Amino acid sequence: MEPRRPCCCAFQPAFVVAVAAQRGSVTIGDFSAEALKDPAVRQIMAATKIVVDPEIDRTHGRFGNSPTTVNVKLKSGAQHFIRIDKPFGHPESPASLADGVQKLKACAAASMCPSPRSSSNWSGSS
């Protein structure tokens, strides 16, 4: 399923993978209408296939902090593979206080953006 609204992007693994591949990281700013329209991200999304790893599913299930694998196959035939057993934020790979402060600042800055409801012509109905 392809995300059509920014609020849905975080729940679409293909979008998150595409942003990470294109930009090197994923931040709150990547969940915007502008980011959703990025042609490079859209192209990577179209080529992204999400597959459940049967071994990880058997040993860890699909929820929580289970390991993740990413296998990238390039047009040249080259392949790159990585498995992350304890992702950033896992109890055994915790974020630092500085990481938390940085994320808080980014989230606060994003929340200060004007919203449609702050418009003077907003009627109060959805």
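Let's start with aromatic rings: this predicted model holds 1 aromatic pair. The partners are F15 and F31, whose ring centres lie 6.0 Å apart. Their planes meet at 50°, so the pair counts as tilted. Why are two values quoted here? A pair of aromatic rings is described by the distance of the centres and the angle of the planes.

Now look at where the two partners sit along the chain. F15 belongs to helix α2, which covers residues 13-23, while F31 is in the loop between α2 and α3 (33-36). The pair therefore ties together parts that are 16 residues apart in sequence. F31 is partly exposed, with a value of 28%.

Next, turn to the surface. Here V70, V72, L74, I82 and I84 form a nonpolar patch, and together they have about 370 Å² of accessible area. Which strands supply at least two residues each? They are β1 (68-73) and β2. One member to find is I82, which is in strand β2. I82 is partly exposed, since its relative accessible area is 45%.

Finally, how confident is the predictor? The average pLDDT of the chain is 82, and 84% of the residues score at least 70.

Key:
Residues numbered from 1 in each chain as written. Predicted model: local features only at pLDDT ≥ 70, side-chain atom pairs only at ≥ 80, totals over all residues. Heavy atoms only, no water. Phe/Tyr/Trp six-rings, centres within 6.5 Å; stacked < 30°, edge-to-face > 60°. Helix = DSSP H or I, 4+ residues; strand = E, 2+ residues; numbered from the N terminus. Buried < 20%, exposed > 50% of the residue type's maximum accessible area, 1.4 Å probe, protein only. pLDDT = per-residue confidence, 0-100. Patch = residues over 30% accessible without salt bridge, like charges linked within 9 Å, V, L, I, M, F, W, Y side chains within 5 Å. Areas by Shrake-Rupley, 256 points an atom, 1.4 Å probe, with all protein chains shown as cover. Salt bridge = Lys/Arg side-chain N within 4 Å of Asp/Glu carboxyl O.
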